[in-house]
Amino acid sequence: MADDDRPKKSWREIDKARDGSVHRKEPRPDRRGERLQRSNEYRAYKSQLNKLFDGQGGLPEGLKAKLAEAPPMAGVAERQAALEAIKTAEGPAAVLAAFVAYRAAHGFPDDEEVLGRLLDLTDEAIVAEAIATVERLRGEGKLKRAASFRARLETVQMTIDDPEIQKAAKALLRQLR
């Protein structure tokens, strides 16, 4: 028995061997992030960003490239303000005036609340286009509040004399049920 001929390890030696195991060591922190922060490029980029937010400089090149890929954001605030004007308008005349201003600048709206307000108008052309837009949104799966349009479409059937618009409202009403 050759195993008995070996000198036995003490508990201290066994514990020391366990502590030196690869599996027992603390993981080393990743130093790549620190190296990146220390790099000159990163410092220059941060400097450019600080100037941008202080209003002293233009966009960094890397940020310009990313923004060029993103959809344009120009006019978003104006569009939102015009939509809000339609939503908060009191009375059909005010809704119509706000809608005409919105349409001149931004086209026909896709906002569900605005479309509901447009269905309450008596202008047959606007009502017909609103019905077509609601139907398109429903077909694309973008209509979130279909129930809110049911009562308005029933009202359209009663208040609009054009049989084509009544027929379109009735068809859309069937689809929303």
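Visitor: Which residue follows H7, and what is its phi?
Guide: In this predicted model, the helix H7 covers residues 92-106, and the chain then continues into a glycine. The residue that follows H7 has a positive phi, near 85 degrees, and is Gly107.

Visitor: What span should the 15 residues of helix H7 have, and how far apart are its end C-alpha atoms?
Guide: At 1.5 Å a residue, the 15 residues of H7 should span 21 Å.

Visitor: Within what arc do the buried residues of H7 fall, seen down its axis?
Guide: The residues of H7 that are buried are Val95, Ala98, Phe99 and Tyr102. Seen down the axis of H7, these buried residues line one face of the helix, because they fall within an arc of 105 degrees. An α-helix has 3.6 residues a turn, so residues three or four places apart point the same way. The arc for H7 is thus described by the value 105 degrees.

Visitor: Which helices do the buried residues of H7 pack against, and which exposed residues does the face turned away carry?
Guide: The buried residues of H7 pack against helix H6 (76-88), H8 and helix H9 (124-140). The face turned away from that buried side carries exposed residues, namely Ala93, Ala97, Ala101 and Ala104.

Visitor: Which residue forms a salt bridge with Glu129, and how far apart are the closest N and O atoms?
Guide: Glu129, at 27% relative accessibility, counts as partly exposed, and Arg103 is also partly exposed, with a relative accessible area of 34%. The salt bridge of Glu129 is formed with Arg103, and the closest N and O atoms are 2.5 Å apart. Since Glu129 lies in helix H9 and Arg103 in helix H7, the pair ties together parts that are 26 residues apart in sequence.
The partner asked for is therefore Arg103, at 2.5 Å.

Visitor: Which side chain of opposite charge is nearest to Arg117, and how far away is it?
Guide: Arg117 is found in helix H8 (residues 112-119), and its side chain reaches the backbone oxygen of Ile86 at 3.4 Å. Leaving aside neighbours within four places in sequence, Arg117 is in contact with residues including Lys87, Val95 and Arg152. Arg117 is buried yet has no salt bridge, a salt bridge requiring the nitrogen and carboxyl oxygen to be within 4 Å. The nearest side chain of opposite charge is 5.1 Å away and belongs to Asp120.

Visitor: Within what arc do the buried residues of H10 fall, seen down its axis?
Guide: The buried residues of helix H10 (residues 147-159) are Phe149, Leu153 and Val156, and what covers them includes H8, H9 and helix H11 (163-176). On the other side of H10, Ala147 and Met158 are exposed. Seen down the axis, the buried residues line one face of H10, because they fall within an arc of 55 degrees.

Note on methods. Residues are numbered from 1 along each chain as its sequence is written. This is a predicted model: local features need pLDDT of at least 70, side-chain atom pairs count only at pLDDT 80 or more; totals for chains, interfaces and linings use all residues. Side-chain values use heavy atoms; hydrogens and water are left out. Helices (H or I, at least four residues) and strands (E, at least two) are DSSP runs, numbered from the N terminus. Buried means under 20% relative accessible area, exposed over 50%, partly exposed in between (1.4 Å probe, protein chains only). Lys and Arg count as positive and Asp and Glu as negative; His and the chain ends are not counted. A polar contact is a pair of N or O atoms within 3.5 Å; within protein, one must be able to donate a hydrogen and the other to accept it, and residues adjacent in sequence count only if both atoms are side-chain atoms. Contact means heavy atoms within 4.5 Å. The expected span of a helix is 1.5 Å times one less than its number of residues. The arc is that of the directions from the helix axis to the C-beta atoms.
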